[in-house]
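Subject: Structure for your review

Dear colleague,

Please find below the structure that I am handing over to you. My findings follow it, arranged by region.

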Amino acid sequence: MTSGGPATARFAVVGNPGNRRVDLFADAVRAAGLPGPRVVPWADVLRDGGADFAPEEVVRLDSPGEDAHVDRLLRGTDDPTRVEGSARWYTTFTSALRGLRGGRRLDDPDDLAVLFDKRRCHAVLAAARVPVPASPTSGPGAPPVRGWEDVRALMREHRMPRLFVKLAHGSSASGVLAVESAGGGRIRATTSVELAPDGRLFNSLRIRRYTDERQIAAVVDALAQDGLHLERWLPKASQRGRAADLRVVVVDGRATHAVVRTSTAPLTNLHLGGRRGDLDEARAAVASAGARWTDVLAVCERAAACFPRTLCVGVDLLPAIGWRRVAVGEVNAFGDLLPRLTGLPGSGAEGRDTYAAQVTAALRRHGSPSASGSPDPQDADDPNRPNDPHGKHHPLHPHDTRTGSAHAIA
């Protein structure tokens, strides 16, 4: 327990009541021997302009998604399948964060403001020498992207025949286009965006491909009103003939959970038809390439270290063809929804899901799991926990004492 912390932590969570994320976190809190968390609805926070928390409350912020009423308050649209409105979503969300008062936070408002702006997040990662795809729109001095003509100009200027066009404030692959050009002026965009005859854009669970540049321009021109971020399309490694990447959850500086995502399309998101791959195969492929799995995880931990005041992030890691090199594609504030997935060997989260791992880490910081203050028995035997002065591993490299250099695979 940290100095000055309460004898027993009380949890609160800002979320949507009845949402699976809130329920999974509440289950983890109760499993730690504590009363279920106080749930503060996002709808109330947005309606009232904030919320107050007691000094001893440990406050987790969860995703405001999957609730039509909350989405309407954030984006100003009555149709949750609409793509447009992410700029308003960002402004409303970050304003709501500033209205949360008191408590002991597991998520930092300033960190979240960066994490939900892909242009700012990319710049922060690049400045920290975290490997990321090249981008002409990264940072405050980057040129604005006002529509398809600007995208085309930047493709030529930066010699990027293949790139991803992303909503600056998007999530869950909403508004993402994988664009590739070829000789003769041919162009193709792969996306989950459905272009309606009246020009409105909708999120679809079906991946579609546009080859008519006029349609692609119409989609990009509409998206540009909410702000766009461009990144070079890095060819990904494959597993069993399918493109593969990884979602790695980092909790309190440690890479604790990882899942391989595979797809026949450039977008590997599981809700868009992606499938979970084989993590052991991925680790073996990294080793066969002459790289080290610990260094792969270290890249994710370096990315998370850019946001030290936020307990947990989900890192989307892009392994290059051959599995020897990696880059960070995204860092997600709410990237921990991986039900039933237990912790990586050597992570300190073995046998725990992502939510249990966060509860354990929060209790280390802010309190004990029982009224008597007795520690979690598994943690008592863990020499690598952050508050152990005799721990043998650096906090960013808890998986192996022979960490080597994370730059070797960057």
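**The parallel sheet**

Strand β1 (residues 10-15) pairs with strand β3 (residues 51-61) in the parallel sense, over 5 bridges. Within this pairing, Phe11 has Val58 of β3 as its bridge partner. Please note that the model is a predicted one.

The two strands belong to an open sheet of 4 strands, ordered β2-β1-β3-β4 and paired in parallel. Because β2 (38-41) and β4 stand at the edges with a single partner strand each, one side of each has no neighbour in the sheet. From one strand to the next, the twist averages 50 degrees. Helix α11 (residues 354-366) packs on this sheet, where it touches β1, β3 and β4. The direction of α11 makes about 145 degrees with that of β3.

Asp108 lies in the loop between β4 (100-105) and α5 (109-115). With a relative accessibility of 14%, Asp108 counts as buried, since the cut-off for that class is under 20%. Its side chain reaches the backbone nitrogen of Asp111 at 2.9 Å. Apart from neighbours within four places in sequence, Asp108 is in contact with Arg309 and Thr310.

Which residues of helix α6 (residues 118-127) are buried? They are Lys118, Cys121, His122 and Leu125. These residues cover an arc of only 100 degrees around the axis, and therefore lie on the same side of α6. As a general point, an α-helix has 3.6 residues a turn, so residues three or four places apart point the same way.

The buried residues of α6 pack against α5, β5 (162-167), β9 (228-232), α10 (293-304) and β15 (326-332). At the start of the helix, a side-chain oxygen of Asp117 comes to within 3.1 Å of the backbone nitrogen of Arg119. Just after α6, Arg129 adopts a positive phi of about 65 degrees.

**Strand β5 and helix α10**

Two of the elements that α6 packs against deserve a separate description. In β5, 5 of the 6 residues are buried, so the strand is largely enclosed by the rest of the structure. β5 pairs with strand β6 (residues 177-181) in the antiparallel sense over 4 bridges, and the bridge partner of Arg162 in β6 is Glu180. β5 also pairs with β9 in the antiparallel sense, over 5 bridges; here Val165 has Leu230 of β9 as its bridge partner.

Helix α10 contains Cys300. This residue counts as buried because its relative accessibility is 0%. Not counting residues up to four places away in sequence, Cys300 touches Val248, Val250, Val315 and Leu317. Cys300 and Val326 are 26 residues apart in sequence, and their C-alpha atoms are 9.8 Å apart in space.

**Helices α7 and α8**

Helix α7 (residues 148-157) and helix α8 (residues 213-223) pack with their axes 8 Å apart, at an angle of about 105 degrees. The two helices are therefore roughly perpendicular to each other, as angles of 65 to 115 degrees fall in that class. On the α7 side, the contact is made by Trp148, Val151 and Arg152. On the α8 side, Glu213, Ile216, Ala217, Val220 and Asp221 take part.

With kind regards

Notes
Residues numbered from 1 in each chain as written. Predicted model: local features only at pLDDT ≥ 70, side-chain atom pairs only at ≥ 80, totals over all residues. Heavy atoms only, no water. Buried < 20%, exposed > 50% of the residue type's maximum accessible area, 1.4 Å probe, protein only. Polar contact = N/O pair within 3.5 Å; in protein donor to acceptor, adjacent residues only side chain to side chain. Contact = heavy atoms within 4.5 Å. Arc of directions from axis to C-beta. Pairing = 2+ DSSP bridges. Axes fitted to C-alpha atoms, helices over the stretch in contact; angles between N-to-C directions. Parallel < 35°, antiparallel > 145°, perpendicular 65-115°, else oblique.
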